[in-house]
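Thanks for coming. Please have a look at the structure first.

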Amino acid sequence: MTAPQRRRARLSQYTPWIFRDYMTNQGPSTIVVVLLVGFLSVMPVIQGVTGAATKMGQVPVETARRILEAMLPPLAFLGTFFATNGIIANDRKLGYYRFLFAKPVSPPAYYAMTFGVYGVGLLLISIALMGIWAVTVRPMFPIEILVIIPLMYLAYGGIGFLLSAAWRFDWLSLVTVLLIANVAWAVWGNAEGLRHWILYVLPPVHRANDVYRLRFEGPPGVIPWSSIAWLGGYGLACFVLGMIVVRKRSLGTS
Amino acid sequence: MFGLAGPNGAGKSTLISLLLGYLEPTDGSVRIAGLKPRAFVERNGIGYLSELIAIPPRWKLENALERYGILAGVPAAELATRIAQVIDLLGLGDQRGKTVKQLSKGNLQRLGLAQALLRDEQVIILDEPTHGLDPVWTQRFRDIVEALRRPGRAIFIASHNLDELQRLADRVAIIDHGQLQRVVQPRGGATSSATPYIISVVGDDAVVRNVFANAESRGNGDYELPALDLLTLNAGVAALLQRGVLVSNLRPAHSMLEQHFREAVGE
């Protein structure tokens with residue numbers, strides 16, 4: 001048998017379908033959970049539990065900024081968690097890979113595109129949530145969110161991508177890894193010797209707050225370049241490792 | 001057209017996973033047109049119908065075909081026509097708006113076959129293709145697969161259904177315990193070795209038993225004859241006719257493939 005004329009998948013034209021998958025599956029979950037967290041954060045302020053009662057849409061700027069700072073970590077983490085949960089492992093577990101990758105499709109290219117499109121989806125969902133925020137809490141649009149969400153998506157999502165490529169219990173292991181990293185950095189943050197070096201293998205979660213503290217509607221602060229580089233670099237390294245795992249690990253194993 | 005037969009657990013699906021590059025061989029190597037399976041698939045694609053039809057349940061049938069068509073590399077200008085053709089070919093017209101989870105087992109199987117036929121593939125692999133199909137669609141499937149024959153195309157069918165392989169395949173590999181037992185040409189002509197037969201007659205039971213001493217009655221004038229060579233069989237039939245017994249049907253008790261299968265896997 002001779003090799004036929006080469007014919008590739010039209011992956012770029014498949015992008016809208018992946019975007020649609022995000023917007024009908026992970027997107028709504030992110031919106032519902034973040035709105036719930038937002039409601040629980042904002043309502044005490046509106047009702048005057050934390051001081052004088054205030055009206056919807058007219059929350060004082062400093063209060064709105066503080067609430068937004070408090071809401072950003074759940075948005076970044078949960079949004080990324082929903083987006084990358086099962087991003088690769090589900091196709092293996094549920095057997096969807098069988099038809100997908102009998103087509104002239106490179107699995108690393110397919111999943112890299114999915115990761116990227118889901119990231120764009122999360123960013124758009126975040127912008128939409130900011131729109132809801134502007135209407136219901138206070139008219140403001142913190143431009144920093146356009147940096148923070150993609151950065152934290154890369155940081156956490158890169159880890160999620162690697163774990164999803166490596167085995168089936170990706171969500172559980174992502175939560176476990178981040179929990180261990182948080183505890184380890186809190187306990188051994190100033191340790192020396194072996195513990196000190198072990199810490200550097202774990203995700204740099206202790207730097208996340210530097211990024212979340214980028215000023216909203218306030219005086220410009222110092223940009224935490226080191227934390228941005230550390231978080232982004234760690235996530236990118238995990239993503240690249242994940243791509244290698246996708247290429248090397250047999251699709252038929254879950 | 002190449003068939004693959006074997007009992008449960010023989011390794012049919014594993015072999016197919018190796019051909020698609022979904023599993024790596026622990027020993028030996030697999031090549032398709034000189035390329036490693038993943039390299040071949042990612043370059044050209046394979047028309048593949050898996051035994052387990054796994055498609056996200058919320059996808060609509062027509063959307064699923066559009067997605068698979070894009071991934072298969074069907075040119076945008078041809079995609080709608082191609083989808084309409086496979087929907088028509090597989091009789092899925094009235095199902096096109098349904099989600100995958102709303103489809104019956106048979107319709108899901110037809111969707112699986114439809115997505116495998118979206119592109120004019122050089123290699124087609126069908127794993128238990130008539131599983132879940134009713135008799136009408138089983139026959140229709142055979143016609144569709146027959147029509148896929150063309151020079152330079154390899155069609156690979158794994159099936160438990162030996163009758164299906166007997167009708168469709170030019171060669172059939174019988175495997176067991178992960179080992180190739182033999183390769184058979186199922187339509188290679190009558191065997192010269194002794195074979196059991198089923199004979200249907202109208203006439204005296206005692207005459208049949210007299211001519212074929214070890215014939216076992218199956219009722220309604222059917223008898224299973226012990227393994228006979230062709231000469232003995234024909235002499236017996238002539239004796240029956242001479243003594244006024246009419247023969248309405250005579251066939252091997254097992255197809256040639258079935259016989260090979262029984263010998264190869266020891267059943």
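Chain B and chain A bury about 3600 Å² between them, and 56% of that is on carbon and sulfur atoms. On the side of chain B, the residues that lose the most area to chain A are B:Tyr22, B:Glu42 and B:Leu71, together 22% of what that side buries. Keep in mind that this is a predicted model.

Counted by residues, 44 of chain B are in contact with 37 of chain A. There are two salt bridges between the chains. In one salt bridge, the side chain of B:Arg67 meets that of A:Asp21, at 2.7 Å from N to O. Polar contacts link 15 residue pairs between chain B and chain A, with both residues at pLDDT 80 or more.

Which elements of chain B give two or more residues to the side that touches chain A? They are α2 (37–44), β2 (47–49), α3 (61–72), α4 (76–89) and α5 (105–116). α3(B) gives the most, with seven residues. By type, that side of chain B has 27 nonpolar, eight polar and nine charged residues.

Now to α5(B). Its twelve residues should span 16 Å at 1.5 Å a residue, and the end C-alpha atoms are 17 Å apart, which agrees. Is this helix enclosed or open? Eleven of its twelve residues are buried, so α5(B) is largely enclosed by the rest of the structure. Among the buried ones are B:Leu108, B:Arg110 and B:Gln115. The buried residues pack against α5 (97–100) of chain A, and within chain B against β2, α3, α4, β3 (123–127) and α6 (135–147).

Key:
Residues numbered from 1 in each chain as written. Chains lettered and ligands numbered in written order. Predicted model: local features only at pLDDT ≥ 70, side-chain atom pairs only at ≥ 80, totals over all residues. Heavy atoms only, no water. Contact = heavy atoms within 4.5 Å. Buried area = accessible area lost by both parts, 1.4 Å probe. Salt bridge = Lys/Arg side-chain N within 4 Å of Asp/Glu carboxyl O. Polar contact = N/O pair within 3.5 Å; in protein donor to acceptor, adjacent residues only side chain to side chain. Helix = DSSP H or I, 4+ residues; strand = E, 2+ residues; numbered from the N terminus. Nonpolar A, V, L, I, M, F, W, Y, C, P; charged D, E, K, R; others polar. Expected span 1.5 Å × (residues − 1). Buried < 20%, exposed > 50% of the residue type's maximum accessible area, 1.4 Å probe, protein only.
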